[in-house]
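This report describes how the chains of one model are built and where they meet. The sequence and structure come first.

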Amino acid sequence: MSQLLWSSLLVPVLCAFLLTWIPVMLIVERRAAAWMQRRSGPNRVGPWGLMQPMSDAIKMIFKEANIPRKAHRILFVLAPALAVLPPFLAMIVIPLGGSVNINGQEYALQAFNVNVGLLFYLAITSLHVYSVLTAGWASNNKFSLMGGLRASSQMISYEIAIGICIVSLVMTYGTLDLREIVKLQEAGAGLPAWGFALQPIVFIVLWVCTFAETNRLPFDLPEGESELVAGYHTEYSGMTFGMFMLGEYAAMVAASAFLATLFLGGYNIPFVSEEALRQVFLDQGLHLTLASAATALLQFACLILKICFFMWVFVWVRWTLPRFRYDQLMDLGWKILLPIGVANVIGTMIVTYFLKRGG
Amino acid sequence: MISELQFLVGLGLAIFSVGVVGFLTRRNGLIALMCLELMLNGVNLCLVSFSRHHGNAEGSALVLLIVLVAAAEAALALSLFVSLYRQSGSVELDDFRLLKG
Amino acid sequence: MTVSPTFLQWLLGAVTLALALLVILGRNPVVSAISLMGTLFSTGLIFFSVGAQFVGAVQILIYAGAISVLFIFVVMLLDLRPTRVRIPGRAPVYVFSFVVCALFFVAAILSVLPVLRNLGAIEILGLSEAGLDQGPVAISMQLLSKYMIPFQATALLLLAAVMGVVVLGKKNMLSERKQSEQK
């Protein structure tokens with residue numbers, strides 16, 4: 001089996017994985033909101049309202065996708081597609097688990113093993129701006145345009161903070177390869193080897209920036225309904241709107257996976273290394289292929305748990321914090337997060353220099 | 001059959017030529033700037049393919065420098081056009097003929 | 001051993017060229033800006049396809065992710081009306097520039113490609129080796145040794161650009177100062 005074939009087998013699995021999150025998140029978000037606000041929430045469709053996402057999806061698909069008469073038709077339709085694409089593309093560089101041994105050949109559970117995965121992820125997610133900008137402009141609507149322009153300046157501002165954070169992270173790990181980064185956080189050394197212990201400031205800053213990048217509350221200024229109706233997707237209805245929502249949740253999953261990979265040890269199971277786990281399965285009398293597959297699947301499950309944690313925080317924060325004002329948002333990005341990032345780079349530089357000299 | 005190097009250099013030349021045509025014919029200042037970026041992009045493509053051909057990273061290093069210079073250039077030129085637009089309400093290059101008398 | 005372009009590269013090349021043509025043929029500046037983004041992005045993908053992964057990522061990150069956003073941002077902000085591609089009375093200019101560029105393109109192809117064909121025959125390095133040498137480490141070695149001065153000069157240039165943009169972006173700095181002096 002060639003590497004190409006293996007990758008093309010992994011990509012559909014990856015897409016299915018991302019798409020599965022969306023109905024789950026829909027129901028979790030609504031029920032959690034209801035729980036935090038002491039309401040019942042959607043509880044009519046199916047047992048405990050679990051079939052609610054299904055009915056939402058059916059509603060969206062059969063609703064008319066209206067295109068305003070004065071809109072730019074091509075770009076209006078292109079924008080939702082641009083919203084969905086980047087998170088799916090970004091996910092392909094995330095290592096999902098260890099490697100599977102087939103006929104003596106190790107196949108990594110990562111669709112696209114690129115040696116600059118960190119940069120690739122950033123580059124692809126930076127394309128998310130275009131959907132928002134295009135949607136805002138193509139709708140030919142003042143509120144949409146304002147939302148689009150706000151979103152683009154917000155995303156670009158926070159990308160700068162992210163870039164600075166990544167610099168100090170790269171200094172710590174010494175590589176841009178996401179798989180290498182996960183290997184460096186290998187569980188044998190226990191919790192202290194994980195990224196959030198090495199770079200706690202970067203962890204927090206990057207986490208905050210993630211909220212801004214995915215346009216989630218408290219930074220959802222682009223779609224702040226009290227000022228801009230619904231921002232850039234005011235004119236969208238039916239499945240074209242559904243695509244934006246799909247893109248938002250997929251971007252959240254990708255961002256969570258990225259954060260987990262960088263700071264929570266990726267697919268590593270705490271205190272258990274890949275070899276040790278594989279040995280346990282081998283001792284049970286399993287074939288090497290099966291043992292490695294079982295190990296990889298367990299690690300994948302561990303990654304899913306970590307993603308769940310970040311996704312829950314997304315929901316939790318959304319229903320806890322109020323929305324920022326626009327100038328506060330810009331101040332936070334430029335005057336607080338960016339200086340913290342720069343100071344952290346200098347600090348990391350000094351520490352790395354002395355560590356290298358000492359060791 | 002052409003080789004990969006030929007293909008990439010040919011593509012780079014083609015993109016460069018498209019940029020030149022656009023730069024000479026379009027009178028919108030912003031589109032002229034975009035054509036400038038197209039030309040730089042064609043050069044980048046050639047540099048990367050040469051770098052690959054020689055098996056060292058010199059061409060790629062030059063591409064990085066070009067990208068940085070292009071970023072500075074785009075930011076400055078765009079803000080110039082914005083202030084031009086504020087003054088005269090147009091970015092059509094033909095509208096600026098103050099020296100024509 | 002010569003390496004011929006793969007199907008994927010042909011496809012990406014065609015898409016890149018088509019989008020580049022759309023940049024100069026589109027009536028609406030917004031369409032031009034978005035197809036410029038597409039051109040830069042697919043060029044980045046071509047870089048990936050030849051193994052220059054770091055350059056490809058930087059191309060997408062900075063060119064497609066930041067510079068094109070600036071373009072689109074400004075074009076949308078200025079609210080430009082669609083302009084005519086052809087302006088009557090300027091036909092000679094179009095013909096002239098098109099002919100010159102076509103001549104340039106043909107001459108360049110004719111002069112360069114045969115040389116490259118000969119080069120292609122002595123392409124000694126294997127594909128993987130040539131690709132591996134363009135990683136972040138190799139590029140930074142180049143940047144920090146041979147191209148140290150251009151690299152630092154670029155940093156200065158960026159700083160100058162930032163300052164210039166801030167000065168330009170401030171609305172009428174001089175007139176504001178005059179007003180404050182009068183007070």
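## Chain B

In chain B, 58% of the 101 residues count as buried. The model is a predicted one. Chain B holds three helices and zero strands, and its elements run α-α-α along the sequence. Its radius of gyration is 17 Å, well over the 13 Å that the globule rule gives for 101 residues, so chain B is more spread out than a compact globule.

Along the principal axes, the C-alpha atoms of chain B fill a box of roughly 55 × 30 × 20 Å. Among the contacts in chain B with a separation of 6 or more, 49% join residues 24 or more positions apart.

## Contact between chains B and C

The contact between these two chains draws 64 residues from chain B and 76 residues from chain C. On the chain C side, at least two residues each come from α1 (7-25), α2 (29-49), α3 (53-78), α4 (91-121), α5 (127-132), α6 (136-144) and α7 (148-169). The largest share of that side belongs to α4(C), with 15 residues. Sorted by class, the side of chain C that touches chain B has 54 nonpolar, 18 polar and four charged residues.

## Contact between chains A and C

Here 19 residues of chain C are in contact with 20 residues of chain A. Three helices of chain A, α4 (117-125), α5 (128-138) and α6 (142-173), each supply at least two residues of the side that touches chain C. The largest share of this side, five residues, is from α5(A). Its classes are 16 nonpolar, four polar and no charged residues.

## The largest nonpolar core

Which residues touch the most other members of the largest nonpolar core? They are A:Leu119, A:Val253, B:Met34, C:Phe71 and C:Ile72, in a core of 170 residues. The helix that gives the most to this core is α3(C), with 18 residues.

Neighbours within four places in sequence aside, C:Phe71 is in contact with B:Leu30, B:Met34 and B:Leu78 in chain B, and with C:Ala33 and C:Leu36 in chain C. B:Met34, one of these partners, is also among the core residues that touch the most other members.

## C:Leu12 in helix α1

C:Leu12 lies in helix α1 of chain C. Is this residue buried or exposed? C:Leu12 has 21 other C-beta atoms within 10 Å, and the cut-off for a buried residue is 20 or more, so C:Leu12 is buried.

Beyond residues up to four places away in sequence, C:Leu12 touches C:Ser42, C:Leu45, C:Ile46 and C:Ser49. C:Phe47 is 35 residues from C:Leu12 along the chain, and their C-alpha atoms are separated by 10 Å.

## Helix α11 of chain A

Helix α11 of chain A covers residues 238-263. At 1.5 Å a residue, its 26 residues should span 38 Å, and the end C-alpha atoms are 38 Å apart, which agrees. The helix is mostly covered, with 23 of the 26 residues of α11(A) buried. Just after α11(A), A:Gly265 takes a positive phi of about 80°.

## Confidence in chain A

Chain A has a mean pLDDT of 84, and 95% of its residues reach 70 or more. Among the elements of chain A, α4(A) has the highest mean pLDDT (90), and helix α10 (residues 225-228) has the lowest (67). Where pLDDT is low, the predicted coordinates should not be read in detail.

How values were computed: Residues are numbered from 1 along each chain as its sequence is written. Chains are lettered from A and ligands numbered from 1 in the order in which they are written. This is a predicted model: local features need pLDDT of at least 70, side-chain atom pairs count only at pLDDT 80 or more; totals for chains, interfaces and linings use all residues. Two residues are in contact if their C-beta atoms, placed from the backbone, lie within 7 Å. Helices (H or I, at least four residues) and strands (E, at least two) are DSSP runs, numbered from the N terminus. Ala, Val, Leu, Ile, Met, Phe, Trp, Tyr, Cys and Pro count as nonpolar, Asp, Glu, Lys and Arg as charged, and the others, Gly among them, as polar. The radius of gyration is taken over C-alpha atoms; the globule rule is 2.2 Å times the number of residues to the power 0.38. A residue is buried if 20 or more other C-beta atoms lie within 10 Å of its own, exposed if 12 or fewer, and partly exposed in between; C-beta atoms are placed from the backbone. A nonpolar core is a set of buried Ala, Val, Leu, Ile, Met, Phe, Trp, Tyr and Cys residues joined through C-beta atoms within 7 Å. The expected span of a helix is 1.5 Å times one less than its number of residues. pLDDT is the predictor's confidence in each residue, from 0 to 100.
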